[in-house]
Every structure is written in C-alpha cells, then in structure tokens.
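Let's walk through this one together, a piece at a time. Have the viewer open and follow along.

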Amino acid sequence: MKTILAELETRFGATGARFQRDDLASIDLPADRAVPAVTWLKEHTPFVQLNHMSVVDWIEDGQFQVTWLVTDPRGCRSIMVNTRIDRERATCDSVADLWPQAVTYEQEINEMFGIDFPGSPRMGVPFILEGWKDMPPMRRDFDTVKYVAEHHPHRPGRKHHDPRTYVGERFGEKGYLHD
Amino acid sequence: MTRRITESREVQLWFGPQHPGITGNMAMQVFLEGDTITRGKTHVGYLHRAFEKLMERRTFIQSFPIVCRICVPEPDTNEYLLAAAVEEIAGIEIPEKAKWIRTLVLEMSRLASMLMVLGGQAGTMGNGVPPQWMIALRDYILDRFEELTGGRVYHMYIVYGGVRRDLPPGFAERMEENLRRIEEYLPYVDDVIFDNAVFRKRTIGVGVVPEEWVDEMGLSGPIVRAMGIPRDTRKDWPYLAYPELDFDVALAEGSDIYARALVRRKEIQQSIDLIRQILAKMPQDGPYCAKLPNMMTWKVPPGQTYVRAEATRGEMGYFVVTDGSDRIRRVHVRGPSYIHGVSLLERMLPGTNIADLSALMVSLQVCPPEIER
Amino acid sequence: MDILVRAAVAVVVVLGAILYGLLVQGVIRKVMARIQGRIGPPVWQPVYDLFKLLFLRTAIWHGVMFWLGPVFRAAGGIGLFLLIPVVVGNPWLENFSFTGDLLMAMYFLFFGSLGMALGAAEAGHPHSPIGISRGLVQMTAFELPFSLAVVALVARTGSFSIIEIVRAQQGSVWDWNLFANPFASAAAFLAFLGMNMYSPFNIVGAPQEIPVGPPTEYHSSFLSMMAAGRSIFAVAKMVLYMDLFLGGATSLLEAIVKTFLVYFWSVFVGAVFPRFRTEQSVRFFLGWPTVFGAAGVALVLFAR
Amino acid sequence: MSDRDWNDPRLEEALPPVADDGGPRPPRLPARIEDIPAHAPIDDTCFLGARKMPTPIGLPEAVQRIKNWIRARSLWVMAYGTGCGSIELRPLATARYDMERFGIVMRPTPRQSNVLIVSGYLAVKSLKRVVRSYEQMPSPKWLVGLGSCTINGGMYWDSYNTINRLDLYLPVDIYIAGCMPRPEALLAGFDRLMKLIDRGEANGWHHYLENLDWYKANQRKLFDDGDMPDYNW
C-alpha cells in the first residue's frame, strides 16, 4: 500500500499520507485531482470498491471535506481519500459513473449538505426529507434546537439538565463509569 | 388509481409504507404488468431521526443511547463501532476481558437478529409457523441480554474502555441452557423451512444477485457469502477476540433467496458455537473496563478513522471525525442496508414477481433505520 | 307442508349454519395457535369480530356494485347451502334438495366468488384487481379436477341428485366414495384445498403481497356480511363434500363430526406450507389432481 | 391478564393528571360516549375526507353496554410499524406474550382495523402517512401512543425531523411510556384501553372529529395539503 500512496503523491500531488491502522491509510488531495485519483485507484489498483463516501463540515475554515473510502476487498486494505472544497461554492466532481451506489451517497450529501455534484443523476431529488424549506440540515450553522422550538412544540414541564453539573451532583465528580 | 388501471398497461402500486410485507418502514413505488414489476423506485426517509446531527450536540458518553437506536434488531454493533472508533483515536487500550465480553455481546445480538430474519423469511411467503417459533426462541437471547445489561432491546452496554458491568454469576450456565433449548427447536425449523417443497419452489432461482455486482456496488454479508465467496469481516478485518476463535465462513451456492436463507441458518449454528467457545475461553478475572477520565469533561484529540464490523446484514462501518473538543465532530454510519436497500433493491426490482418482492426484501435484510439514520 | 313453515325453518337452519361456521373458524384459530405454540383466541372470537364489524361506521362511497359484492357472496353461500341436504332422511335438514341439485351446486360454488369479484373491482384499490385476477385464474384451475371427480361420482350413481349419491353410499364404510373411488376423491380433496384458500393456495388474499386482496376496501358492516357469507359458504362446501364422499350423514352429530374432519384436512395442510405463486398453483392443479380425476372417471367406466 | 382492577379510584389518582400547563390543548369533551351530542354538522372543508359521523342516540343504555363490551373484545390493530417500538410488537404477537388471547389481531389494511399503534418517534414524512391511515380507519377507532418519543419527544427532543407531541396532531387514547416499553407494558396498556372502551370512555375518535379544525390547524403548521402523498389508498 506504501507504493500506491507514493504513486498518488507523484502522480496527483497528494500530501499528508499517513497510516491510521496498518490496513487503513489516509491521504489528502487537492480538489481538482481527487476524483482522477479515485478513478485511477479503481482502474489501475486493486482498490475497486467504493466503501463509503462522507462529508465533514469545517465551518471554521469555510470548507467542506469530502472523503471517499476505497477498499481492496481481497487484500483487505482501505484508503481514505480526503479533499477540501470551498464551502460557499460547494461543487465537487461526481463518481456516480464509476460506482452505481455513489448515486445514493451523492443524492444524500446533496440533500443534507447542499453540495452539488455536476453530472450525477438525482441532484435535487429529495431523498430523506420531504417538503423541506430550510437550509440543508447537516450544515454546522443549522441550529436544530431553534428549528425545533419553531416547529415542534415541547410538552410543558419537561426538564433539561446539563450533564456536567447534574451527573456531578448525582453520582459524584468521578462520573458514573467507576462504581 | 382507477384511471391508471383503465388507461395504461401498467398498474402503479405503492408497496408500503403501510404494508405488512415491508420490513421496517419504507416504501417501494412499483409499476406492474400483470404480476411482474417493470420498473420501481424505493422511497426511504420515514424513520429519519438525524442521529448524526444529534451526536454533534452530545458529549461522547451521551452518544451511546443514540447510536444503539440506529439499527433496532441489532443495536450492539453500533455501540461497539462507536466505542472502537473513539478508542482508536484517543488511543485507549481495552482490557482483555472486555474484548471477550464485547465479542460475546456481538455474537448474541447476531444470533437474535439472525433468528428473527430467518423466521421472517418464511413468514413473507405466508407460512406463519416459523416466525412464531423463531421470535419465541429469540426471546431466550433477549432474556440473557436483560440479565446482562438490563435492557431487552436497547442495551447501552458497551462503553468506552470496555463494558458497563461484569458478567453476573451463573450467566454461562443459563446461557448454555438457553442455547440447548434453541438447538432443540432448530431441526423442526429445518423441516418446515428448508425441507419444504413449496419453500424450495418459491425461493430457488429467485432473486439472484450477479457476482460482478459485488465489487461494483460494494456488497457484503450473506448476500456475498451466498455466492460462495468467503468474505467475512470477522475473518478479513479481525477485531476483538475473533482471531482467537475458530470458525469458518458459512457459504452457500446459487446466490438466490434459498442460498441466503441457508447461509443465515448456518450462521445461527455458527453463532451458537461461537458463544459456547467464548464462554469457555473467556478469562474469568481481570478488569472489564479501562480506567477512564471523567466522561463529562473528556476531550478526544483530533483524528479521523473508519472502523468496520460484521453485522447480520453485512459490513457495518463508522466514519468518525473528532476535532479535539468534547463532542464528536462528525460521525457517518455506513449501514449495509444503505447499499442493499436502495441501490441493489432498485436494481433488482425490474422483472421481479410482485409475489416475491417482500421475500426478496427480507432476504436482502433491508433495515430502514440504518439507511436514513 | 306449509311453505311458510319451510321458510321459517330454512331461516333458522341458515342462521345455525352461519354460527356453526363461525365456531369452526374459532376452533381453527385455536388449533393454529397451538401449532404455533400459543394459547390462541377464545372460540367465540369470530362471533365477537362479526358483531364488532356490525357496530362500525362507514364514510366512503365506491358505487352500488361495491356494496353489492358482499350481498352476492352471501347469496351464493346461502343458495349453495340450501340446495344441499345436511342430514338425509330428516325432512327439515334436507333443505331444498331436488333431483339435479348437484348441477345447481356446481354453479353456486362459483357464483359467490364471481359476484364478489364484480363488487371488489369497484373499489379502485390496485390490490383488488390483482387479487381478483389471481382468484379467477386459480378458480378455473381447480374447477377442472373437481368437475372430473363429480363426473366420476355421477357416472357411478347415474344421477345428479345429491340424495341419490348419498343413498348409493349407505351400507358399510367401504361403500363411501372416499374408498369406492379413491382417485376421484383424491382429485376432489386436492381441489378442496384450493377452494378453501388456505396456504399454499391463499394467493388471493396474500397478506404479505397484496394485503387481503379483493376485500381490501371492505370494512364495517359490509365486511361482517362478507364474513357471514364466507362462513356459510365454508359450511356448504363441507356439507357438499361430506355428502359426496363421506357417505352423507343420518344424524346431526354425525354431520358435525364429518364436516369438521373435511375442513381440518385443509387446515392441517395449510399449517405447514408457504404460499404458491399464481402460476405455480395453476400448474399444480392441472397436474396430478387432473390426472387423478381422469383416473377416477376411467375407474368408474371400466368398473361397469 | 392482570388481576389489577383498573376501576380502582386509587389507581385513577396514581395516573398522571392531564397536565394543566397552558400548553396547547383542545377543549374537554363529555367523558362518556353516551353524553356526546347527537349529530355534529358535516363540514366539507375538512381534510382528506374525514367526516364527522353522527353518534347514534336513542339507544337504550343496555345496547350501548353490549356494543362497548363486544368492541372491547375484538381489537384489530393496524400492522404499521411507524417506529422502532414495533420491534416489541413481534414478541407481543408471538408465542411468549400472545396478544391474540385477548382478541387483538393484526390487520394489514386501515379500512379493517380499529386500533392504530404509533410505535415510537414520528418523522414528519411519516406523520403524513399516519394521519392518512388514521383517517381511513372506520370509527370508532382508537390510537395508542407507544414510547416516550410520542409523549414528549423522548431522546429526540431536539431532532429537527421528529415531532415532540403526538396529541397535537392526532387524538391519543392511551400512552404507554418507556423507551421502549416492554411487552408486559403493552399488555397492560391494552388492558387499560379495553377497560376504557368497555366503559365507553375511549372516545378520542369523536374528539378528533369534534375538534377537527384544531387538529387540522396543528397539522397544517407542519405540512400543507399540497404536500401530502399523491396516493390516497
């Protein structure tokens, strides 16, 4: 797997190759090289499975992190290919033509984060939500408590405790794990 | 609807969300010609609870009551995966006994879930007897869960650094007694399900998944094993105490509904044997939970990882990102049903007989809560 | 005999038959529950359900034919039952049987289902037409072995009167058509499985495929009328089979025992089998049952 | 099933009182089904064809008693697992806790069922279907709220997609608390529901039709009619 990571660095200018476990590596790529790198991994290396595709919202940096987890099912190895895209003009290349199930991942990400994948089918097709009028809910700046207070009224009389203080005064400062 | 019937050759049929043939709460919009489906689409989202959003608002220890609700029949895999991911990032070593107890809990939950789905497989074809038996057998395991963790369905038993409490005295004997009771009934189940002429007629050669879809779509679990491909996360990505247990991957040929049911039947026996092995080899003394900082103010260093485990339905994975604060930055659940239930099912719908649809759905073991989380 | 008295007796007999059918259903639910390891509902549960459905209200309108569906079904059941002698020799329980009533019975056996299909098709729910098409296909399939069996019996007795057929079977047990003509009996009892719509032949109201099929939209008092019609239809079929194959009955107790046995045949088969697909069930009925029926006819012809 | 006497007044006190908390709550109704006014005018502005049905009057007390007695002994539950609580309906229906002993059976279609179990949290998308299914059921019908999430949101109190109070949108006859309630709790809840029906006090269905505008206003706050699913069966 080291050779493949080195290949990625030389071919696609990847950086920050590191081993999370000996069967799981992680590597960062610039936004325009990420999908070519994933394509190269699928076509020319045993990493043929798209195992997972996820997005992290780094609102402090104003960036989205898109992560493809490609897996070599026979060698039992995985590589996390990370890239950062701009949070304002959130568009990312699509891998829907490489793996059919990526359509579903990209549809959900498009709905939950508002990231656009040009060329991917079912962009803008509601997947989970129905009649959703607010901003994409999985963004960090979407305040779910405020939304709930507006839309789903609470039953009066329900108490909320801050666990830091409440568990402390109930179970002692150690917390309840050590009894 | 009447207009559609009279005007066009197709009948539009909403298979769910309110439909007894549906596992969980999802919908399939299918178009029929006669009894054959020409095209269809799956609709999910009826169970969306925004777990991943809620976990961004919870402290690490508060996340456990949430993750175990992600898959209802088999909650412990989720607990283990969250714990394992955070432990890997935080660099916590769990004691030896905790490993074995976690393995025991995972196998128990696999057994319970496997019993339920095998009974449901026969139930989708109108045979009402096996589901009744199997779910009654599943209750034995739920009793042991209740004794061990205090909860019948949701356990919140696996925590960071190990498990919440030790095995109660005499647990192994009661477990063994229950396993014997279950093994008494399994031959009858074999007679009613696998030696049943009508069941074989209905299932053999129905719902075949082509082998080239495995790498193309990232399939896993009994669907792959039913093709004769020995692919099992417990063997390929060994975790917990599985490398020290001896078991071989349950395989079947044909990749149809019957083969998948056969794989599940073999894995029931496999889980029973594994539970026996675990209870025999488990270290009797030693700590069951590592020493941990105060959970209320625990901060985990930044990191990003992906852990996987073998659920009943296939490979389940957690993608966890932390940013050094006392809350999870991002957790993304990769449920096997996410691929089996949406992409694979939609791809298999055309040409399926409407009579086989719910049987196909159960044999893919679609678990809607983990699709939409 | 005064026609009014006959009519009153007929009403009483029909009501009794409905009650008996409901009780049989209750016992069957009990037995199924025992097979599944449960305690099961009280035997009176179908009666409770019937009356509870009567006390429900309706708020939908699907047209006149929709409401007439249960009426057709009940009419078919009552008409079939009133043609068949329950206890031969008892003037009250011989109902309105006449020479050639077997032909009428053959007609009424399918009249109820056809009317039911007409009504249910009005509902507009896609489950109804799918279930109806399945039901009619299966009906035509199991009609063939059943008709062959009936032809064999008629050829044996040389009469279309059920009473004649019953009288021909009196004497020892070996005179029953069940033993006198085993092929025809096998064909007819296999067809009975399809007639009763227990699994593996419950493809019409398959709950996991097309929930409850044609009666999807029926509710409240219409469903209760359908339940009553179904129960008397079942009783009529039991009595018909008892008369045709089990040598009829000379006392009410004998009739109850025999009809019970006839019905449990289909229940015990249904307890252990999943459901056929439509074309599979058609293939089944056009296979061995038809061969048995033909063999039964041949047996009678060569025995002459 | 249980030897408890639900008519015991001490138990009535033990039950949580209806919270008089200034929260949105529909007006009260007469307790007994016989005291309900005879006929409420049908309004055609109602939603998805839910109609106010007249309650039969002029029936002697005894007939009402017999009706309620029979209704309480034949509850047909709609097999609609709306949430994770439905996992405990399977043990309830099978050999260990056999609910068919009490005449409770699962019916696959709303037209033929009397009891709707909302088993746990309701996503908004799911609530639309539940409302439609509830309105397709013939009256008298009863609704059982299962789990803490239907009472006050439970652990999903801050989730943007699940409702927090079921009784704002549908009339709940009985709540069964717990996350999730054990099958014994479900049996106790059904026992309680049977007692209520037997006494003719479980009339949430009529409550719904009497205060249709209030319920519809609450529902329209979440979703408008144009947003409902396109199929109506």
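Start at B:Thr305, whose bridge partner in S7(B) is B:Val320. This is a predicted model, so take everything below as read off predicted coordinates. That bridge belongs to the pairing of strand S6 (residues 303-310) of chain B with S7(B), which runs in the antiparallel sense over eight bridges. The hairpin of S6(B) and S7(B) has four residues between the strands, and in it B:Gly314 takes a positive phi near 150°.

On to the other neighbor. S7(B) also pairs with strand S8 (residues 328-334) of chain B, again in the antiparallel sense, this time over six bridges. Here B:Gly317 stands opposite B:Arg334 in S8(B). The hairpin of S7(B) and S8(B) has five residues between the strands, with B:Gly324 at a positive phi near 85°.

So how covered is strand S7 (residues 315-322) of chain B, and how many of its residues are buried? It is mostly covered: eight of its eight residues are buried. Look along the strand and you'll see B:Glu315, B:Gly317, B:Phe319 and B:Val321 pointing one way, while B:Met316, B:Tyr318, B:Val320 and B:Thr322 point the other way, and all are buried.

Now zoom out to the chains. Which chains share the most contacts? Of the five pairs of chains in contact, that's A and B. Their contact takes 36 residues from chain B and 35 residues from chain A. By class, the side of chain B that touches chain A has 14 nonpolar, 12 polar and 10 charged residues.

Chain B touches chain C too, in a contact that takes 29 residues from chain B and 25 residues from chain C. On the side of chain B that touches chain C, the elements with two or more residues are helix H1 (2-7), strand S1 (11-15), helix H6 (129-149) and helix H8 (197-203) of chain B. The residues of that side divide into 15 nonpolar, 11 polar and three charged. By contrast, no contact joins chain A and chain C, whose closest C-alpha atoms lie 25 Å apart.

Inside chain C, find helix H3 (residues 64-83) and helix H4 (residues 101-120), whose axes come within 7 Å and cross at roughly 165°. The two helices are therefore roughly antiparallel to each other, and the crossing of H3(C) and H4(C) is left-handed. The contact of H3(C) with H4(C) has 15 nonpolar, seven polar and two charged residues.

Most residues other than glycine have a negative phi, and most peptide bonds are trans. C:Met197 has a positive phi of about 60° although it is not a glycine; it lies in the loop between helix H8 (182-196) and helix H9 (220-245) of chain C. C:Met197 is buried, with 20 other C-beta atoms within 10 Å. C:Ser220, in helix H9 of chain C, has a phi near 45°, also positive in a residue other than glycine. C:Ser220 is buried, with 20 other C-beta atoms within 10 Å. Over in chain D, a cis peptide bond joins D:Cys179 and D:Met180, with omega about -15°. D:Met180 lies in the loop between strand S5 (174-176) and helix H6 (183-198) of chain D.

Conventions. Residues numbered from 1 in each chain as written. Chains lettered and ligands numbered in written order. Predicted model: local features only at pLDDT ≥ 70, side-chain atom pairs only at ≥ 80, totals over all residues. Axes fitted to C-alpha atoms, helices over the stretch in contact; angles between N-to-C directions. Parallel < 35°, antiparallel > 145°, perpendicular 65-115°, else oblique. Left-handed = near helix turned anticlockwise from the far one by under 90°. Nonpolar A, V, L, I, M, F, W, Y, C, P; charged D, E, K, R; others polar. Contact = placed C-beta atoms within 7 Å. Buried ≥ 20, exposed ≤ 12 C-beta atoms within 10 Å, placed from the backbone. Pairing = 2+ DSSP bridges.
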